[in-house]
Amino acid sequence: MKLPLIMLSALIVLSACSSSSTGRKQVMLFSDTELDKMGAASFDDMKKQTPISNDKATNDFVQCVANAVTKNVPQSVHKGDWEVVVFDSSQVNAFALPGGKIGVYTGILNVTENQDQLGAIIGHEVGHVIEHHSNERLSASKLQNMGMAAATAAVGMTDIENKGLWMAGLGIGLQYGVIMPYGRSHESEADIVGQDLMARSGFEPSASIKLWQNMASLSKDAPAEFMSTHPSNETRIKQLGQHLPISMKYYNENNKPQCIKPKKIPVPKA
Ligand SMILES: [Zn+2]
């Protein structure tokens, strides 16, 4: 009786198929509620593992930029406030999770030159959430059967062994030594959605190009954590430039937030 099982999987895939905002076909096996639960649980875990910055000026800056961006995220993506945490770590990294969670490491703040570039980072990360990329990644793992992890994730957080795998699906597995880089299609989609979102939020959209150029030159010396999950290339920078005339239509400089980057952002040494 092997056949019914195959048919069943095919049926699951067909019924779970939908489209992203750029028209890409997506297979998503998990519900929004399940993803929100995984996001929240992973975020709690991160908060236990990584020191949190208590520098007021740094927190105010990040909170100000994140608020401006999340105000423009549809309620269908997340209802209510987003939780924003600044992690006190030299890692060049940032992420957003389903369930309305945003994490920014102090290490990335010294790569971002101003509020517009931080708007680009947060816009991009939230873009991954808006387009349900974690759901696709976890669904792919599940379908490939490497994902007992993904299945246990839906049930609860009891399976510590596999935690790294499904945290990687959410885009944050690094601390468990599991890196699952976003694929090119997810990266371009988050770039486009993120550039529109930052523009709507009052951040100069061309700052996204400058940001990735800075990231690329930084990675020549030592690859940043951010770059290992968000691989960059010239295609990406070219595409951001091509999309600029569209996102500029959403940009109104009179709406510009006044988020002040502190002169000095304390970053731990190691
Ligand atoms: Zn990305």
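Tutor: Let us take helix H5: 16 of its 16 residues are buried, so H5 is largely enclosed by the rest of the structure. Buried here means under 20% relative accessible area, exposed means over 50%, and partly exposed is in between, with a 1.4 Å probe and protein chains only. Helices are DSSP runs of H or I with at least four residues, strands are runs of E with at least two, and both are numbered from the N terminus.

A word on what you are looking at. This is a predicted model, in which local features need pLDDT of at least 70 and side-chain atom pairs count only at pLDDT 80 or more, while totals for chains, interfaces and linings use all residues. Residues are numbered from 1 along each chain as its sequence is written, and side-chain values use heavy atoms, with hydrogens and water left out.

Now follow H5 along its length. It covers residues 115-130, and at 1.5 Å a residue these 16 residues should span 22 Å; the end C-alpha atoms are 21 Å apart, which agrees. The expected span is 1.5 Å times one less than the number of residues.

Just after H5 comes His 132, with a positive phi of about 55 degrees, although His 132 is not a glycine. This residue sits in the loop between H5 and helix H6 (133-143).

Of its 17 lining residues, the closest to the centre are Asp 32, Asp 36, Val 77, Pro 98 and His 132. H2, H5 and H6 each supply at least two residues of that lining.

The whole structure holds 2 cavities of 30 Å³ or more, and the largest cavity has a volume of about 50 Å³. Among the residues lining the largest cavity are Ala 120, Gly 123, His 124, Met 198 and Trp 212. The elements giving two or more residues to this lining are H5, helix H9 (184-200) and helix H10 (207-221), and H9 gives the most, with 5 residues.

How are such spaces found? On a 1 Å grid over the protein atoms alone, a cavity is a set of points where a 1.4 Å probe fits but cannot get out; a pocket is an open set with protein on both sides within 12 Å along at least five of seven lines, and lining residues have an atom within 4 Å of a point. Grid points are joined across faces, edges and corners, and a volume is the space filled by probe spheres set on the points.

Finally, step back to the whole protein. There are 12 helices and 5 strands, and of the 270 residues, 51% count as buried.
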